[in-house]
Amino acid sequence: MEKLKVLIVDDEHLIRNLIRMRIDWAQEGFEIVGEASNAHEAMELVEQQKPDVILTDIYMPNIDGIEFSRSVMEKHPQIKIVVISGHDEFEYAQQSIKIGVFDFLLKPIRAADLLLVTNKLKQKIEEDRSREGELARLREELTRNLPYLREKFLLQWLQGTLTREDIREQAEYFQLPAFRQEAPYQIAVIEITPFSEKHTEEQLILLGMACKRKIEFFFQRDPLVTMLSDTRNQFVLISFRQEGDLAGVCEALIDRLIDSPEGLVTIGLGRTRYSLQEGHLGYQEACRAIRYKAFVGNNQVICYEDMVGSRGETYRANPELLRELQFYISVGSSEGASEILEQIFDVSFSSVSQFRMAAMDVIHECQRAAMEQQLGSEQGLDKEMLVSIITADNLPELVQILKRCILTVSNAIQTRRQAKEGNLIHQVQAYLEQNLGDPGVGLASTAAAFFVSPGHLGRLMKKETGQTFVEYLTNLRMKKAECLLKTTDFKGYEIGEQVGISDPHYFSILFKKATGRSMNEYRSAR
(Lines give C-alpha, C1' and ligand atoms only; values in the text may rest on other atoms or scores of the structure.)
Protein backbone atom coordinates (compact mmCIF):
# COMPACT_ATOMS: atom_id res chain seq x y z
CA MET A 1 0.00 0.00 0.00
CA GLU A 2 1.27 3.49 -0.82
CA LYS A 3 2.21 5.82 2.06
CA LEU A 4 -0.68 7.34 3.97
CA LYS A 5 -0.83 11.14 3.97
CA VAL A 6 -0.87 12.89 7.36
CA LEU A 7 -1.89 16.47 8.25
CA ILE A 8 -0.83 17.89 11.66
CA VAL A 9 -2.99 20.67 13.16
CA ASP A 10 -1.88 22.52 16.35
CA ASP A 11 -1.50 26.18 17.20
CA GLU A 12 1.88 25.54 18.91
CA HIS A 13 4.85 25.09 16.59
CA LEU A 14 6.77 23.08 19.23
CA ILE A 15 3.93 20.53 19.52
CA ARG A 16 3.74 20.12 15.77
CA ASN A 17 7.50 19.65 15.61
CA LEU A 18 7.37 17.16 18.49
CA ILE A 19 4.77 15.07 16.69
CA ARG A 20 6.84 15.16 13.52
CA MET A 21 10.02 14.04 15.34
CA ARG A 22 8.52 11.47 17.76
CA ILE A 23 8.58 8.54 15.29
CA ASP A 24 9.99 7.68 11.88
CA TRP A 25 6.79 8.33 9.91
CA ALA A 26 8.19 7.07 6.58
CA GLN A 27 9.28 3.79 8.15
CA GLU A 28 5.78 3.33 9.55
CA GLY A 29 4.23 3.87 6.11
CA PHE A 30 3.15 7.53 6.51
CA GLU A 31 4.02 10.81 4.85
CA ILE A 32 3.44 14.21 6.51
CA VAL A 33 1.99 16.38 3.74
CA GLY A 34 1.30 19.54 5.74
CA GLU A 35 1.01 21.44 9.02
CA ALA A 36 -1.54 24.03 10.10
CA SER A 37 -1.79 26.31 13.15
CA ASN A 38 -5.56 26.78 13.04
CA ALA A 39 -8.72 25.30 11.61
CA HIS A 40 -8.97 27.71 8.66
CA GLU A 41 -5.47 26.84 7.42
CA ALA A 42 -6.17 23.17 8.03
CA MET A 43 -9.39 23.20 5.96
CA GLU A 44 -7.49 24.68 3.01
CA LEU A 45 -4.83 21.98 3.29
CA VAL A 46 -7.50 19.29 3.54
CA GLU A 47 -8.92 20.39 0.18
CA GLN A 48 -5.46 20.66 -1.40
CA GLN A 49 -3.72 17.55 -0.06
CA LYS A 50 -6.65 15.16 0.58
CA PRO A 51 -4.93 13.59 3.63
CA ASP A 52 -5.79 10.12 4.92
CA VAL A 53 -5.13 11.06 8.57
CA ILE A 54 -5.44 14.30 10.58
CA LEU A 55 -3.87 14.79 14.01
CA THR A 56 -5.48 17.84 15.64
CA ASP A 57 -5.26 19.56 18.99
CA ILE A 58 -8.51 20.28 20.86
CA TYR A 59 -7.84 23.88 21.91
CA MET A 60 -7.14 26.20 18.98
CA PRO A 61 -8.11 29.82 18.36
CA ASN A 62 -11.58 30.58 16.92
CA ILE A 63 -12.55 27.00 16.02
CA ASP A 64 -11.62 24.16 18.36
CA GLY A 65 -10.50 20.71 17.28
CA ILE A 66 -13.86 19.03 17.82
CA GLU A 67 -15.76 21.54 15.70
CA PHE A 68 -13.03 21.31 13.07
CA SER A 69 -13.28 17.50 13.13
CA ARG A 70 -17.06 17.65 12.71
CA SER A 71 -16.68 19.91 9.63
CA VAL A 72 -14.05 17.64 8.08
CA MET A 73 -16.08 14.47 8.57
CA GLU A 74 -19.18 16.03 7.05
CA LYS A 75 -17.29 16.70 3.83
CA HIS A 76 -14.76 13.86 3.90
CA PRO A 77 -16.06 10.97 6.00
CA GLN A 78 -13.23 8.71 4.83
CA ILE A 79 -10.55 10.82 6.62
CA LYS A 80 -9.44 9.38 9.97
CA ILE A 81 -9.05 12.00 12.73
CA VAL A 82 -6.99 11.62 15.92
CA VAL A 83 -7.61 14.27 18.60
CA ILE A 84 -4.73 15.38 20.87
CA SER A 85 -5.66 16.55 24.38
CA GLY A 86 -4.24 17.09 27.84
CA HIS A 87 -5.25 15.17 30.97
CA ASP A 88 -7.49 17.98 32.12
CA GLU A 89 -9.26 17.86 28.76
CA PHE A 90 -9.90 14.11 28.85
CA GLU A 91 -13.67 14.31 29.37
CA TYR A 92 -13.92 16.95 26.67
CA ALA A 93 -11.88 14.77 24.33
CA GLN A 94 -14.21 11.84 24.94
CA GLN A 95 -16.94 13.84 23.20
CA SER A 96 -14.93 13.55 20.02
CA ILE A 97 -15.53 9.80 20.03
CA LYS A 98 -19.27 10.44 19.79
CA ILE A 99 -18.92 12.49 16.62
CA GLY A 100 -16.88 9.75 14.93
CA VAL A 101 -13.26 10.70 15.66
CA PHE A 102 -11.05 7.65 15.19
CA ASP A 103 -8.94 7.95 18.40
CA PHE A 104 -7.31 10.43 20.75
CA LEU A 105 -3.85 10.92 22.27
CA LEU A 106 -2.99 12.40 25.64
CA LYS A 107 -0.23 14.93 26.18
CA PRO A 108 2.62 14.56 26.62
CA ILE A 109 2.75 12.46 23.47
CA ARG A 110 4.88 9.36 23.85
CA ALA A 111 6.36 7.48 20.91
CA ALA A 112 4.81 4.18 22.05
CA ASP A 113 1.32 5.71 22.15
CA LEU A 114 1.82 7.31 18.75
CA LEU A 115 3.04 4.02 17.26
CA LEU A 116 0.04 2.21 18.71
CA VAL A 117 -2.35 4.70 17.10
CA THR A 118 -0.56 4.65 13.73
CA ASN A 119 -0.71 0.84 13.64
CA LYS A 120 -4.43 0.95 14.35
CA LEU A 121 -4.83 3.60 11.64
CA LYS A 122 -3.02 1.52 9.04
CA GLN A 123 -5.06 -1.56 9.85
CA LYS A 124 -8.35 0.34 9.74
CA ILE A 125 -7.54 2.17 6.49
CA GLU A 126 -6.42 -1.08 4.86
CA GLU A 127 -9.69 -2.73 5.94
CA ASP A 128 -11.73 0.21 4.66
CA ARG A 129 -9.95 0.27 1.33
CA SER A 130 -10.30 -3.49 0.94
CA ARG A 131 -14.02 -3.18 1.65
CA GLU A 132 -14.31 -0.25 -0.76
CA GLY A 133 -12.46 -2.27 -3.39
CA GLU A 134 -14.84 -5.17 -2.87
CA LEU A 135 -17.81 -2.82 -3.11
CA ALA A 136 -16.36 -1.33 -6.30
CA ARG A 137 -15.98 -4.84 -7.75
CA LEU A 138 -19.55 -5.66 -6.75
CA ARG A 139 -20.81 -2.46 -8.37
CA GLU A 140 -18.84 -3.30 -11.52
CA GLU A 141 -20.29 -6.81 -11.51
CA LEU A 142 -23.77 -5.37 -11.01
CA THR A 143 -23.23 -3.05 -13.97
CA ARG A 144 -22.10 -5.98 -16.12
CA ASN A 145 -25.08 -8.07 -15.05
CA LEU A 146 -27.59 -5.24 -15.40
CA PRO A 147 -28.79 -6.41 -18.86
CA TYR A 148 -29.33 -9.93 -17.48
CA LEU A 149 -31.19 -8.62 -14.40
CA ARG A 150 -33.28 -6.34 -16.60
CA GLU A 151 -34.20 -9.27 -18.82
CA LYS A 152 -35.02 -11.37 -15.75
CA PHE A 153 -37.45 -8.67 -14.59
CA LEU A 154 -39.12 -8.56 -18.00
CA LEU A 155 -39.47 -12.36 -18.08
CA GLN A 156 -41.11 -12.28 -14.65
CA TRP A 157 -43.46 -9.60 -15.94
CA LEU A 158 -44.33 -11.72 -18.99
CA GLN A 159 -45.07 -14.64 -16.65
CA GLY A 160 -47.50 -12.49 -14.64
CA THR A 161 -45.74 -12.97 -11.29
CA LEU A 162 -45.25 -9.28 -10.38
CA THR A 163 -47.57 -6.80 -8.65
CA ARG A 164 -48.22 -3.34 -10.07
CA GLU A 165 -45.88 -1.84 -7.46
CA ASP A 166 -43.11 -4.32 -8.32
CA ILE A 167 -43.46 -3.48 -12.01
CA ARG A 168 -43.23 0.27 -11.46
CA GLU A 169 -40.37 0.04 -8.96
CA GLN A 170 -38.22 -2.26 -11.08
CA ALA A 171 -39.03 -0.41 -14.30
CA GLU A 172 -37.70 2.74 -12.60
CA TYR A 173 -34.52 0.96 -11.47
CA PHE A 174 -33.85 -0.58 -14.90
CA GLN A 175 -34.59 2.73 -16.67
CA LEU A 176 -37.62 1.58 -18.65
CA PRO A 177 -39.57 4.85 -18.83
CA ALA A 178 -42.32 3.44 -21.06
CA PHE A 179 -43.42 1.18 -18.19
CA ARG A 180 -44.08 4.15 -15.91
CA GLN A 181 -47.06 5.30 -17.91
CA GLU A 182 -50.41 3.62 -18.42
CA ALA A 183 -50.12 3.58 -22.21
CA PRO A 184 -51.36 0.93 -24.66
CA TYR A 185 -48.78 -1.64 -25.68
CA GLN A 186 -48.42 -4.78 -27.78
CA ILE A 187 -46.23 -7.84 -27.48
CA ALA A 188 -44.72 -9.73 -30.41
CA VAL A 189 -42.81 -13.02 -30.32
CA ILE A 190 -40.24 -13.84 -33.01
CA GLU A 191 -39.42 -17.49 -33.75
CA ILE A 192 -36.36 -18.33 -35.87
CA THR A 193 -35.99 -21.90 -37.11
CA PRO A 194 -33.12 -23.30 -39.24
CA PHE A 195 -33.86 -24.39 -42.80
CA SER A 196 -32.25 -27.76 -42.22
CA GLU A 197 -33.33 -30.11 -39.46
CA LYS A 198 -29.77 -31.49 -39.41
CA HIS A 199 -28.16 -28.56 -37.65
CA THR A 200 -25.62 -28.50 -34.83
CA GLU A 201 -26.12 -26.69 -31.54
CA GLU A 202 -23.37 -24.26 -32.58
CA GLN A 203 -25.19 -23.44 -35.83
CA LEU A 204 -28.39 -22.82 -33.88
CA ILE A 205 -26.61 -20.47 -31.46
CA LEU A 206 -24.89 -18.58 -34.28
CA LEU A 207 -28.21 -18.20 -36.11
CA GLY A 208 -29.79 -16.77 -32.96
CA MET A 209 -26.89 -14.36 -32.42
CA ALA A 210 -27.03 -13.11 -36.02
CA CYS A 211 -30.78 -12.51 -35.85
CA LYS A 212 -30.51 -10.82 -32.45
CA ARG A 213 -27.99 -8.33 -33.84
CA LYS A 214 -30.29 -7.56 -36.77
CA ILE A 215 -33.30 -7.02 -34.50
CA GLU A 216 -31.32 -4.78 -32.14
CA PHE A 217 -30.03 -2.75 -35.06
CA PHE A 218 -33.56 -2.45 -36.48
CA PHE A 219 -34.92 -0.98 -33.23
CA GLN A 220 -31.80 0.84 -32.01
CA ARG A 221 -33.38 4.30 -32.42
CA ASP A 222 -36.78 3.35 -31.08
CA PRO A 223 -36.88 3.81 -27.26
CA LEU A 224 -40.52 2.67 -27.17
CA VAL A 225 -39.66 -0.89 -28.25
CA THR A 226 -37.91 -3.23 -25.80
CA MET A 227 -36.40 -6.57 -26.87
CA LEU A 228 -35.48 -9.65 -24.85
CA SER A 229 -35.05 -13.43 -25.26
CA ASP A 230 -37.53 -15.74 -23.58
CA THR A 231 -37.05 -19.23 -22.15
CA ARG A 232 -38.06 -20.83 -25.48
CA ASN A 233 -35.15 -19.24 -27.37
CA GLN A 234 -37.56 -16.82 -29.02
CA PHE A 235 -37.22 -13.04 -29.18
CA VAL A 236 -39.90 -10.90 -27.55
CA LEU A 237 -40.76 -7.33 -28.54
CA ILE A 238 -42.66 -5.03 -26.16
CA SER A 239 -43.93 -1.97 -28.04
CA PHE A 240 -45.40 1.19 -26.53
CA ARG A 241 -45.53 2.90 -29.91
CA GLN A 242 -48.48 5.28 -29.97
CA GLU A 243 -49.41 4.65 -33.59
CA GLY A 244 -49.99 0.98 -32.75
CA ASP A 245 -48.85 -0.27 -36.16
CA LEU A 246 -46.61 -3.00 -34.76
CA ALA A 247 -47.82 -5.46 -37.43
CA GLY A 248 -46.49 -3.22 -40.21
CA VAL A 249 -43.20 -2.76 -38.37
CA CYS A 250 -42.87 -6.54 -37.97
CA GLU A 251 -43.49 -7.04 -41.70
CA ALA A 252 -40.54 -4.74 -42.41
CA LEU A 253 -38.48 -6.60 -39.78
CA ILE A 254 -39.14 -9.96 -41.46
CA ASP A 255 -37.84 -8.54 -44.76
CA ARG A 256 -34.58 -7.73 -42.96
CA LEU A 257 -34.33 -11.09 -41.21
CA ILE A 258 -34.93 -13.24 -44.31
CA ASP A 259 -32.19 -11.46 -46.27
CA SER A 260 -29.86 -14.15 -44.99
CA PRO A 261 -30.69 -17.71 -46.05
CA GLU A 262 -29.97 -19.42 -42.74
CA GLY A 263 -33.45 -19.69 -41.26
CA LEU A 264 -37.22 -19.24 -41.36
CA VAL A 265 -39.00 -16.46 -39.45
CA THR A 266 -42.44 -16.37 -37.88
CA ILE A 267 -43.73 -13.43 -35.80
CA GLY A 268 -46.78 -13.82 -33.57
CA LEU A 269 -48.54 -10.63 -32.44
CA GLY A 270 -50.80 -10.34 -29.39
CA ARG A 271 -53.69 -7.92 -29.03
CA THR A 272 -53.22 -4.37 -27.72
CA ARG A 273 -53.20 -4.26 -23.91
CA TYR A 274 -53.96 -1.32 -21.63
CA SER A 275 -52.86 -2.57 -18.20
CA LEU A 276 -49.29 -3.47 -17.25
CA GLN A 277 -50.62 -6.41 -15.25
CA GLU A 278 -51.95 -7.97 -18.48
CA GLY A 279 -48.50 -8.39 -20.01
CA HIS A 280 -48.61 -12.17 -19.56
CA LEU A 281 -51.87 -12.30 -21.54
CA GLY A 282 -50.40 -10.40 -24.48
CA TYR A 283 -47.35 -12.66 -24.40
CA GLN A 284 -49.48 -15.83 -24.37
CA GLU A 285 -51.49 -14.55 -27.33
CA ALA A 286 -48.33 -13.86 -29.33
CA CYS A 287 -47.04 -17.39 -28.60
CA ARG A 288 -50.37 -18.90 -29.64
CA ALA A 289 -50.40 -16.88 -32.85
CA ILE A 290 -47.10 -18.53 -33.87
CA ARG A 291 -48.81 -21.93 -33.79
CA TYR A 292 -50.98 -20.83 -36.71
CA LYS A 293 -47.93 -21.00 -38.98
CA ALA A 294 -49.09 -24.57 -39.54
CA PHE A 295 -51.82 -23.08 -41.74
CA VAL A 296 -50.20 -19.97 -43.22
CA GLY A 297 -46.55 -21.06 -43.54
CA ASN A 298 -43.26 -19.48 -42.48
CA ASN A 299 -41.90 -15.95 -42.93
CA GLN A 300 -45.25 -14.48 -41.88
CA VAL A 301 -46.58 -12.00 -39.30
CA ILE A 302 -49.55 -13.66 -37.63
CA CYS A 303 -51.95 -11.51 -35.56
CA TYR A 304 -53.76 -13.32 -32.78
CA GLU A 305 -56.94 -11.27 -33.23
CA ASP A 306 -57.15 -12.45 -36.85
CA MET A 307 -57.03 -16.06 -35.67
CA VAL A 308 -59.65 -15.76 -32.90
CA GLY A 309 -63.00 -17.13 -34.05
CA SER A 310 -61.67 -18.52 -37.33
CA ARG A 311 -63.07 -22.05 -37.37
CA GLY A 312 -61.90 -24.53 -39.95
CA GLU A 313 -63.76 -27.34 -41.61
CA THR A 314 -63.58 -30.95 -40.51
CA TYR A 315 -61.76 -32.92 -43.20
CA ARG A 316 -63.80 -35.53 -45.10
CA ALA A 317 -62.18 -37.59 -47.85
CA ASN A 318 -63.53 -36.96 -51.35
CA PRO A 319 -63.50 -40.38 -53.10
CA GLU A 320 -64.02 -38.87 -56.55
CA LEU A 321 -61.01 -36.56 -56.26
CA LEU A 322 -58.87 -39.37 -54.87
CA ARG A 323 -59.78 -41.65 -57.79
CA GLU A 324 -58.84 -38.89 -60.23
CA LEU A 325 -55.56 -38.39 -58.40
CA GLN A 326 -54.69 -42.07 -58.73
CA PHE A 327 -55.60 -42.06 -62.42
CA TYR A 328 -53.31 -39.14 -63.28
CA ILE A 329 -50.42 -40.67 -61.30
CA SER A 330 -50.96 -44.06 -62.99
CA VAL A 331 -50.74 -42.57 -66.49
CA GLY A 332 -47.61 -40.59 -65.54
CA SER A 333 -49.32 -37.17 -65.68
CA SER A 334 -47.73 -35.22 -62.84
CA GLU A 335 -49.37 -31.99 -64.05
CA GLY A 336 -52.90 -33.43 -63.86
CA ALA A 337 -52.18 -35.02 -60.47
CA SER A 338 -50.90 -31.68 -59.09
CA GLU A 339 -54.12 -29.94 -60.11
CA ILE A 340 -56.21 -32.55 -58.27
CA LEU A 341 -53.93 -32.20 -55.22
CA GLU A 342 -54.66 -28.47 -55.09
CA GLN A 343 -58.41 -29.22 -55.08
CA ILE A 344 -58.04 -31.75 -52.24
CA PHE A 345 -56.30 -29.17 -50.06
CA ASP A 346 -58.47 -26.24 -51.07
CA VAL A 347 -60.33 -26.31 -47.72
CA SER A 348 -59.93 -24.56 -44.36
CA PHE A 349 -58.59 -27.24 -42.02
CA SER A 350 -59.47 -27.00 -38.35
CA SER A 351 -56.23 -28.53 -37.04
CA VAL A 352 -52.85 -29.94 -38.01
CA SER A 353 -54.14 -33.48 -37.56
CA GLN A 354 -56.87 -32.74 -40.13
CA PHE A 355 -54.51 -31.85 -42.97
CA ARG A 356 -52.23 -34.74 -42.04
CA MET A 357 -55.22 -37.08 -42.53
CA ALA A 358 -55.65 -35.61 -46.01
CA ALA A 359 -51.94 -36.17 -46.66
CA MET A 360 -52.23 -39.84 -45.71
CA ASP A 361 -55.07 -40.26 -48.23
CA VAL A 362 -52.82 -38.81 -50.96
CA ILE A 363 -49.94 -41.10 -49.95
CA HIS A 364 -52.28 -44.08 -50.09
CA GLU A 365 -53.25 -43.26 -53.69
CA CYS A 366 -49.60 -42.78 -54.68
CA GLN A 367 -48.68 -46.16 -53.26
CA ARG A 368 -51.66 -47.84 -54.91
CA ALA A 369 -50.64 -46.41 -58.30
CA ALA A 370 -47.03 -47.53 -57.75
CA MET A 371 -48.12 -51.07 -56.87
CA GLU A 372 -50.46 -51.34 -59.87
CA GLN A 373 -47.62 -50.32 -62.17
CA GLN A 374 -45.30 -52.77 -60.38
CA LEU A 375 -42.80 -50.11 -59.39
CA GLY A 376 -40.06 -51.14 -57.00
CA SER A 377 -39.85 -49.50 -53.60
CA GLU A 378 -36.83 -47.50 -54.81
CA GLN A 379 -38.93 -45.88 -57.53
CA GLY A 380 -41.82 -44.99 -55.27
CA LEU A 381 -41.96 -43.18 -51.95
CA ASP A 382 -38.87 -43.60 -49.78
CA LYS A 383 -38.94 -43.62 -45.98
CA GLU A 384 -37.33 -40.21 -45.73
CA MET A 385 -40.07 -38.63 -47.82
CA LEU A 386 -42.79 -40.36 -45.78
CA VAL A 387 -41.26 -39.11 -42.52
CA SER A 388 -41.09 -35.56 -43.87
CA ILE A 389 -44.80 -35.76 -44.75
CA ILE A 390 -45.81 -37.03 -41.33
CA THR A 391 -43.71 -34.44 -39.47
CA ALA A 392 -44.44 -31.41 -41.69
CA ASP A 393 -45.49 -28.60 -39.35
CA ASN A 394 -47.23 -26.29 -41.80
CA LEU A 395 -49.71 -26.74 -44.61
CA PRO A 396 -47.82 -24.98 -47.46
CA GLU A 397 -44.73 -27.08 -46.74
CA LEU A 398 -46.80 -30.27 -46.65
CA VAL A 399 -48.44 -29.57 -50.03
CA GLN A 400 -45.02 -28.98 -51.62
CA ILE A 401 -43.72 -32.30 -50.26
CA LEU A 402 -46.79 -34.11 -51.59
CA LYS A 403 -46.26 -32.52 -55.00
CA ARG A 404 -42.72 -33.90 -55.00
CA CYS A 405 -44.10 -37.34 -54.08
CA ILE A 406 -46.58 -37.22 -56.97
CA LEU A 407 -43.84 -36.06 -59.33
CA THR A 408 -41.53 -38.87 -58.18
CA VAL A 409 -44.07 -41.62 -58.71
CA SER A 410 -45.48 -40.16 -61.95
CA ASN A 411 -42.03 -39.75 -63.47
CA ALA A 412 -41.07 -43.25 -62.43
CA ILE A 413 -44.17 -44.68 -64.14
CA GLN A 414 -43.61 -42.56 -67.25
CA THR A 415 -39.97 -43.61 -67.42
CA ARG A 416 -40.95 -47.27 -67.10
CA ARG A 417 -43.44 -47.01 -69.96
CA GLN A 418 -41.09 -45.10 -72.24
CA ALA A 419 -38.02 -47.17 -71.48
CA LYS A 420 -36.56 -48.95 -74.43
CA GLU A 421 -35.93 -52.65 -74.44
CA GLY A 422 -32.68 -53.72 -73.02
CA ASN A 423 -31.02 -53.87 -69.70
CA LEU A 424 -30.87 -50.67 -67.69
CA ILE A 425 -27.24 -51.26 -66.86
CA HIS A 426 -26.34 -51.51 -70.55
CA GLN A 427 -27.96 -48.13 -71.07
CA VAL A 428 -26.06 -46.74 -68.09
CA GLN A 429 -22.77 -48.12 -69.41
CA ALA A 430 -23.40 -46.50 -72.80
CA TYR A 431 -24.32 -43.26 -71.01
CA LEU A 432 -21.08 -43.32 -69.01
CA GLU A 433 -18.96 -43.92 -72.09
CA GLN A 434 -20.63 -41.01 -73.86
CA ASN A 435 -20.24 -38.66 -70.89
CA LEU A 436 -16.89 -39.86 -69.61
CA GLY A 437 -15.28 -36.44 -69.95
CA ASP A 438 -17.91 -34.71 -67.77
CA PRO A 439 -16.48 -34.29 -64.24
CA GLY A 440 -20.05 -33.89 -62.95
CA VAL A 441 -21.01 -37.45 -63.86
CA GLY A 442 -21.59 -39.53 -60.75
CA LEU A 443 -24.01 -41.95 -59.13
CA ALA A 444 -26.58 -39.30 -58.20
CA SER A 445 -26.57 -37.52 -61.56
CA THR A 446 -26.68 -40.82 -63.50
CA ALA A 447 -29.53 -42.14 -61.37
CA ALA A 448 -31.42 -38.91 -61.97
CA ALA A 449 -30.84 -39.24 -65.72
CA PHE A 450 -32.56 -42.65 -65.67
CA PHE A 451 -35.25 -41.69 -63.15
CA VAL A 452 -34.15 -44.20 -60.54
CA SER A 453 -32.84 -43.73 -57.04
CA PRO A 454 -29.05 -43.70 -56.49
CA GLY A 455 -29.35 -46.64 -54.10
CA HIS A 456 -31.24 -48.73 -56.66
CA LEU A 457 -28.77 -47.94 -59.44
CA GLY A 458 -25.81 -48.70 -57.18
CA ARG A 459 -27.20 -52.10 -56.24
CA LEU A 460 -27.94 -53.01 -59.88
CA MET A 461 -24.45 -51.96 -60.97
CA LYS A 462 -22.85 -54.11 -58.28
CA LYS A 463 -25.05 -57.08 -59.17
CA GLU A 464 -24.45 -56.89 -62.97
CA THR A 465 -20.76 -55.89 -63.07
CA GLY A 466 -19.39 -57.05 -59.73
CA GLN A 467 -18.17 -53.49 -59.13
CA THR A 468 -19.57 -50.51 -57.37
CA PHE A 469 -20.65 -47.60 -59.52
CA VAL A 470 -17.57 -45.58 -58.54
CA GLU A 471 -15.22 -48.50 -59.21
CA TYR A 472 -16.77 -49.11 -62.63
CA LEU A 473 -16.61 -45.44 -63.63
CA THR A 474 -13.03 -45.09 -62.38
CA ASN A 475 -11.85 -48.20 -64.28
CA LEU A 476 -13.59 -46.90 -67.42
CA ARG A 477 -11.77 -43.61 -67.09
CA MET A 478 -8.40 -45.27 -66.47
CA LYS A 479 -8.79 -47.46 -69.58
CA LYS A 480 -9.53 -44.34 -71.60
CA ALA A 481 -6.48 -42.66 -70.05
CA GLU A 482 -4.23 -45.60 -71.01
CA CYS A 483 -5.48 -45.37 -74.56
CA LEU A 484 -4.74 -41.63 -74.73
CA LEU A 485 -1.24 -42.16 -73.31
CA LYS A 486 -0.53 -44.72 -76.00
CA THR A 487 -1.98 -42.79 -78.93
CA THR A 488 -1.44 -39.09 -78.13
CA ASP A 489 1.16 -36.70 -76.80
CA PHE A 490 -1.25 -35.03 -74.40
CA LYS A 491 0.19 -33.99 -71.06
CA GLY A 492 -0.98 -35.74 -67.91
CA TYR A 493 -3.34 -32.99 -66.77
CA GLU A 494 -4.83 -32.78 -70.29
CA ILE A 495 -5.56 -36.49 -70.26
CA GLY A 496 -7.13 -36.10 -66.79
CA GLU A 497 -9.46 -33.44 -68.13
CA GLN A 498 -10.29 -35.63 -71.12
CA VAL A 499 -11.52 -38.39 -68.80
CA GLY A 500 -13.40 -36.11 -66.41
CA ILE A 501 -10.80 -35.75 -63.60
CA SER A 502 -9.68 -32.14 -63.45
CA ASP A 503 -7.39 -32.49 -60.39
CA PRO A 504 -3.96 -33.56 -61.80
CA HIS A 505 -2.69 -34.85 -58.45
CA TYR A 506 -5.76 -36.97 -57.82
CA PHE A 507 -5.68 -38.24 -61.42
CA SER A 508 -2.03 -39.32 -61.00
CA ILE A 509 -2.88 -41.24 -57.83
CA LEU A 510 -5.80 -43.04 -59.48
CA PHE A 511 -3.75 -43.89 -62.58
CA LYS A 512 -0.87 -45.39 -60.62
CA LYS A 513 -3.29 -47.33 -58.43
CA ALA A 514 -5.03 -48.75 -61.50
CA THR A 515 -1.93 -49.59 -63.59
CA GLY A 516 0.82 -49.96 -61.01
CA ARG A 517 2.92 -47.36 -62.87
CA SER A 518 3.09 -43.61 -63.07
CA MET A 519 2.09 -41.93 -66.33
CA ASN A 520 5.74 -41.18 -67.22
CA GLU A 521 6.70 -44.81 -66.60
CA TYR A 522 3.75 -46.03 -68.58
CA ARG A 523 4.50 -43.70 -71.52
CA SER A 524 8.23 -44.63 -71.50
CA ALA A 525 7.37 -48.32 -71.72
CA ARG A 526 5.00 -48.01 -74.68
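Hi everyone. Let me start with a term: partly exposed means a relative accessible area between the buried limit, under 20%, and the exposed limit, over 50%. Arg129 has 30%, so Arg129 counts as partly exposed. Please keep in mind that this is a predicted model.

My topic today is salt bridges, and the structure has 17 of them. I'll walk you through a few.

Let's stay with Arg129. Which residue does Arg129 meet in a salt bridge? The partner is Asp52, with N to O at 2.8 Å. Arg129 sits in helix H5, residues 111-158, while Asp52 sits in the loop between helix H2 (39-49) and strand E3 (53-57), so this pair ties together parts 77 residues apart in sequence. Asp52 has a relative accessible area of 15%, which means that it is buried.

Now over to Glu35, partly exposed at 25% relative accessibility. Glu35 pairs with Arg20 in a salt bridge whose closest N and O atoms are 2.4 Å apart. That links distant parts of the chain, with Glu35 in strand E2 and Arg20 in helix H1, 15 residues apart. Arg20 is partly exposed too, at 32%.

Glu35 also forms a salt bridge with Arg16, at 3.2 Å from N to O. Here again distant parts of the chain are linked: Arg16 belongs to helix H1 (residues 13-22), Glu35 to strand E2 (residues 30-36), and they are 19 residues apart. Is Arg16 buried or exposed? Arg16 counts as buried because its relative accessibility is 11%, and the cut-off for buried is under 20%.

That's my tour of these pairs.

Terms used. Residues numbered from 1 in each chain as written. Predicted model: local features only at pLDDT ≥ 70, side-chain atom pairs only at ≥ 80, totals over all residues. Heavy atoms only, no water. Salt bridge = Lys/Arg side-chain N within 4 Å of Asp/Glu carboxyl O. Helix = DSSP H or I, 4+ residues; strand = E, 2+ residues; numbered from the N terminus. Buried < 20%, exposed > 50% of the residue type's maximum accessible area, 1.4 Å probe, protein only.
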